[in-house]
Amino acid sequence: MVSRILIVDDDQDICQLVKAYLERSEFEVEVAYDGSMAKSAVDKAPFDLVLLDVMLPGQSGLDLCREVR
């Protein structure tokens with residue numbers, strides 16, 4: 001079974017770089033650039049790991065973490 005990882009960061013370059021490395025290691029990776037995109041992704045399907053930036057536009061990463069838990 002392939003592990004699913006969600007990357008949440010407003011810096012698109014960082015997201016794409018991390019995504020490329022993780023996919024090379026055969027993980028299934030999705031990217032979200034803000035809290036609402038991340039919440040929507042988590043609501044659709046579970047993830048094994050969420051890499052979450054603390055400083056997101058519009059919503060704190062810490063607040064999002066509390067919501068997702």
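This is a short chat about a predicted model of one protein structure.

Me: What kind of model is this, and how are residues numbered?
Reply: It is a predicted model, where local features need pLDDT of at least 70 and side-chain atom pairs count only at pLDDT 80 or more, while totals for chains, interfaces and linings use all residues. Residues are numbered from 1 along each chain as its sequence is written, and side-chain values use heavy atoms, with hydrogens and water left out.

Me: Where is Arg-4?
Reply: Arg-4 is in strand E1, residues 4-8. Helices (H or I, at least four residues) and strands (E, at least two) are DSSP runs, numbered from the N terminus.

Me: Is Arg-4 buried or exposed?
Reply: Arg-4 is buried, at a relative accessible area of 15%. Buried means under 20% relative accessible area, exposed over 50%, and partly exposed in between, with a 1.4 Å probe and protein chains only.

Me: Which side chain does Arg-4 make a polar contact with?
Reply: The side chain of Glu-28, at 3.1 Å. A polar contact is a pair of N or O atoms within 3.5 Å; within protein, one must be able to donate a hydrogen and the other to accept it, and residues adjacent in sequence count only if both atoms are side-chain atoms.

Me: What else does Arg-4 touch?
Reply: Leaving aside neighbours within four places in sequence, the contacts of Arg-4 include Glu-30, Ala-45, Pro-46 and Phe-47. Contact means heavy atoms within 4.5 Å.

Me: Where does Arg-4 lie relative to the ring of Phe-47?
Reply: Arg-4 lies over the face of Phe-47, 4.3 Å from the ring centre. A charge sits over a ring if NZ of Lys or CZ of Arg is within 6 Å of the ring centre and within 35 degrees of the ring normal.

Me: And the residue before, Ser-3? Where is that?
Reply: Ser-3 is in the segment before E1, and is partly exposed at 30% relative accessible area. Ser-3 and Glu-28 are 25 residues apart along the chain, with 6.2 Å between their C-alpha atoms. Not counting residues up to four places away in sequence, Ser-3 touches Phe-27, Glu-28 and Asp-48.

Me: New topic. Which residues make up the largest nonpolar core?
Reply: Eight residues: Leu-6, Val-8, Ala-32, Ala-38, Ala-41, Phe-47, Leu-56 and Leu-64. E1 and helix H2 (35-44) each supply at least two residues of this core. A nonpolar core is a set of buried Ala, Val, Leu, Ile, Met, Phe, Trp, Tyr and Cys residues joined through side-chain atoms within 4.5 Å.

Me: Which residues are in the second core?
Reply: That separate core has six residues, including Ile-5, Cys-15, Leu-22 and Val-31. In soluble globular proteins, nonpolar side chains tend to be buried together.

Me: What does Leu-56 touch?
Reply: Setting aside residues up to four places away in sequence, Leu-56 touches Val-8, Asp-9, Asp-10, Gly-35, Gly-61 and Leu-64.

Me: How many disulfides are there?
Reply: The count is zero, where a disulfide is a pair of cysteine sulfur atoms within 2.5 Å.

Me: What about Tyr-21, buried or exposed?
Reply: Tyr-21 is exposed at 52% and lies in helix H1.

Me: Last one: which residues is Glu-67 in contact with?
Reply: Lys-39 and Gln-59, leaving aside neighbours within four places in sequence. Glu-67 is found in helix H3 and is partly exposed, at 44% relative accessibility. Glu-67 and Lys-39 are 28 residues apart in sequence and 8.2 Å apart in space, C-alpha to C-alpha.
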